[in-house]
Amino acid sequence: MEVTLRILRYEPETDKAPHWETYKVAVDPMDRVLDLLIKVKADQDGTLSFRRSCAHGICGSDAMLINNRNRLACRIRVDQLGKKISVAPLPGLPVVKDLIVDMDGFFGKYRSVKPFLINEQPEPERERRQTQEDRARYDDSTKCILCAACTTSCPSFWARPEYVGPAAIVQAHRFIFDSRDEGSAERLEILADEDGVWRCRTIFNCVDACPRGINITRAILEVSSAIVGRHG
Amino acid sequence: MDHPFDAIVVGAGGAGLWAALELAREGVNTAVLTKLYPTRSHTGTAQGGVCAALGNLEEDHWEWHMFDTVKGGDYLVDQDAAEILAREAIETVVELEHMGLPFNRTPDGKIDQRRFGGHTSNYGEGPVRRACFAADRTGHMILQTLYQQCIKHGVKFFDEFQVVDLLFEGGEPDTGGRAAGVVAHRLADGQLHTFRAKAVLLATGGFGRMFRITSNAHSLTGDAVALCYRHGIPLQDTEFFQFHPTGIVGIGILLSEAARGEGGILLNDKGERFMEKYAPKMMDLAPRDMVSRAMYQEIRAGRGIGGKDYVYMDLRHLGRKVIDEKLPDITDFVRVYQGIEPLKEPIPVQPTAHYAMGGIPTNTDSEVVRDDKGTVVPGLFAAGECACVSVHGANRLGTNSLVDLLVFGRRAGRQMARYAGKVERPLPIADAIEPVRAELEAIRSRAAAGESVATIRAELQDVMMDNVGVYREGKLLTEALAKVKELKGRNENVAITDRGSIFNTELMEAQELGYLLDIAHVTVASALARTESRGAHSREDYPERDDKKWLKHTLAYKGKDGPSLRYKQVSITRFEPKPRTY
């Protein structure tokens, strides 16, 4: 079958503003959008630029706006989208070229929540013990691949780019609810900031956007509750 | 732009990150360069587990792990290195837990372990629960955990810097030169930067993208491996390339061996569990080379599903709880990429190009060596899939890729710190960027009428897949050699249309294609010369292992008209070669 693929193109060295280009691509219904982008680059326009690496939803390189929803290009199939497909860069981040956005701010927010285990106790000779229940407590948030689909789908983030955003909160959640971690107080303090968790308006765009199926809004609410409950 | 450091790490997968962490802990001024963002590295896609003889669920010993590694590698493994691998696996896994890695847990709160291909108890008696795991995203959790620790320790990252040349001081490596740094292409603006350092670690991963059907990321183009070759460092044992039995049909995405470790079985068109015939004791958990060959045999005998070129992996009997808790990601891949419900239907699978056993030769301190006597290239290190230490020999066991990058990434970092404390930083090299600047400029300014990267790459991937795959023979390899040479010739005129400097991904791909062509050339030449069958290198015209002639490693040097092959001894310490049955 043939699909009509519209791509929002932007070449900063020659274009004044982004503009749509249309491509006709012969595809199999099981092809993914990433396959289409690769075909366009190989057969029609070698200048088309996008990030990709693992091509099966784990590395998080190819999040983009596909038919107006944030998706990983390697995880969404043609048969899920129909014959007209539009692809644009992730919203809310500066566009560098074509489908490539500047991720430095996003990773800066990730770093700001101290995304690492904090435990200053002497290490035992073997592994620390953790019950299966305690391990399950933060399982969902360990799935995050930092693709930025959630943060850039969030209207609160669009309205206020200083908002730390869902992805960083999920990463904080992963440690706050890990029984081995002792850094919760520091992280909750960071997230209690005016650009922390309170910016969440429970719009649930992030949950729709997450390619890993993480219940992000619930994670944010659990962090909010922990902030409220910390002096109790 | 010139960046002086004491240590440079190229590649931010597991090996690179652990080395960087060791260097940071030692206070060595270190930079990590990656052509991606660190969390995009291919370590993150490893699924099933990381083996260490913790013995949390049943008796286990590192000696058994070492034996399995040696036997799995068809005795081409260097046993001094395998001993280190199996011993230090235990402490590295425990250290990862201390860093916060969220392993699955046993009922008493220890790290949970499961079975994996080729890992046995008591020197081959039967499967053993040795693979420590975090669901089926163990690699993801290793990558995340190491990156988190690097952030905690203030490691400096240069993201989306593609290394395009290696620098040496005092001559090239073959005349005794020492590593002096690297040249990197900053993708965001196309500028070339030099990074000067006393110690340089190469940790750029594999090169599976030379095959059409592969589990490997698009980024796995053997960058550092090819750069070493171009600078006169030999490549070791590249003829040994692992085809993982259970790739998604047509696209090669991996479905972890953990699926069989948890009880999944392979079926042919008649519904027979065919591995019973090929490996009576280990069956579906035989090593990957044997399972891939068994699948080809079934397919050739007309017992592929519907007579086609794939078989089934059946997980239906595992039940929802095991699938959801222990194999959630791979069953999700099956749903997304095949449109199949693994609880209700068997999954079509076929072998997929997965892992390079060969690579840049190193010693057990991860120092690059350049000949059969173990002569070190001062200051140059390699670890992980791009290196060949050699713990995988002719065929790697499942999970040992992760063990390798943890153990030898850590050793690299420690040895680099010791070395950096002893030597002076190299001086800036005049015109360091000039050779690669000219090379990139030539590609960029060539008339767009030339052939495209995509055309040449596709032809390379086809010939490698069809002629240099699971089964090989002299005639097909000779054809492949001619084809690769032809493609290298045509690649001299490869042309791109993107003239820009910002994120010129076409230029990047052209550069990567050159790397793949060089490594493919070495792989085919090494495979053609090795007239025996051992591990993943299976010659139909030489079906037997030949220890008299071929119990030796290949070292392929860049010559005038192609690779020139030499050989080096295998280290045998505990286990004499024996016939390999499972």
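Predicted model: local features only at pLDDT ≥ 70, side-chain atom pairs only at ≥ 80, totals over all residues.

Trainee: Which domains does the assignment give for chain A, and what separates their centres?
Mentor: The assignment for chain A gives domain 1 (2-101) and domain 2 (104-229). Taken over C-alpha atoms, the distance between the centres of these two domains of chain A is 29 Å.

Trainee: Which strand gives the most to the side of domain 1 of chain A that touches domain 2 of chain A?
Mentor: Two residues are in contact if their C-beta atoms, placed from the backbone, lie within 7 Å. On that basis, 14 residues of domain 1 of chain A are in contact with 15 residues of domain 2 of chain A. Helices (H or I, at least four residues) and strands (E, at least two) are DSSP runs, numbered from the N terminus. With 4 residues, the strand that gives the most to this side of domain 1 is β4 (residues 69-72) of chain A.

Trainee: What is the domain picture in chain B, and which helix gives the largest share of the side of domain 1 that touches domain 2?
Mentor: Chain B is assigned domain 1 (246-351) and domain 2 (434-540), with centres 31 Å apart over C-alpha atoms. Here 5 residues of domain 1 of chain B are in contact with 5 residues of domain 2 of chain B. The largest share of the domain 1 side, 4 residues, comes from helix α8 (residues 288-300) of chain B.

Trainee: How many residues does each chain bring to the contact between A and B, and how does the chain A side divide by class?
Mentor: Chain A brings 41 residues and chain B brings 44 residues. On chain A, β6 (95-97), α2 (104-112) and α3 (132-137) each supply at least two residues. For the classes, Ala, Val, Leu, Ile, Met, Phe, Trp, Tyr, Cys and Pro count as nonpolar, Asp, Glu, Lys and Arg as charged, and the others, Gly among them, as polar. The chain A side then has 16 nonpolar, 11 polar and 14 charged residues.

Trainee: What radius of gyration does chain B have?
Mentor: Chain B has 16 helices and 24 strands, and its C-alpha atoms fill a box of roughly 65 × 50 × 50 Å along the principal axes. The radius of gyration is taken over C-alpha atoms, and the globule rule is 2.2 Å times the number of residues to the power 0.38. For 582 residues, a compact globule would be near 25 Å, which agrees with the value for chain B, 22 Å.

Trainee: How are α14(B) and α15(B) oriented to each other?
Mentor: Axes are lines fitted to C-alpha atoms, for helices over the stretch in contact, and angles run from 0 to 180 degrees between N-to-C directions. The axes of α14 (residues 474-491) and α15 (residues 505-529) of chain B come within 9 Å and cross at roughly 155°. Angles under 35 degrees count as roughly parallel, over 145 as roughly antiparallel, 65 to 115 as roughly perpendicular and the rest as oblique. The two helices, α14(B) and α15(B), are therefore roughly antiparallel.

Trainee: What classes of residue make up the contact of α14(B) with α15(B)?
Mentor: Among the residues that meet are L477(B), L481(B) and V484(B) from α14(B) and L513(B), L517(B) and V524(B) from α15(B). By class, the contact has 12 nonpolar, 5 polar and 1 charged residues.

Trainee: How is α13(B) oriented to α14(B)?
Mentor: Helix α13 (residues 453-467) of chain B packs with α14(B) at an angle of about 170°, with the axes 10 Å apart. That makes the pair roughly antiparallel.

Trainee: And how is α1(B) oriented to α4(B)?
Mentor: Helices α1 (residues 14-25) and α4 (residues 138-152) of chain B have axes 9 Å apart, at an angle of about 25°. That makes α1(B) and α4(B) roughly parallel.

Trainee: Which residues are joined by a cis peptide bond?
Mentor: Most residues other than glycine have a negative phi, and most peptide bonds are trans. With omega about 0°, the cis bond joins V389(B) and S390(B).

Definitions and conventions. Residues numbered from 1 in each chain as written. Chains lettered and ligands numbered in written order. Domains from an automatic or database assignment.
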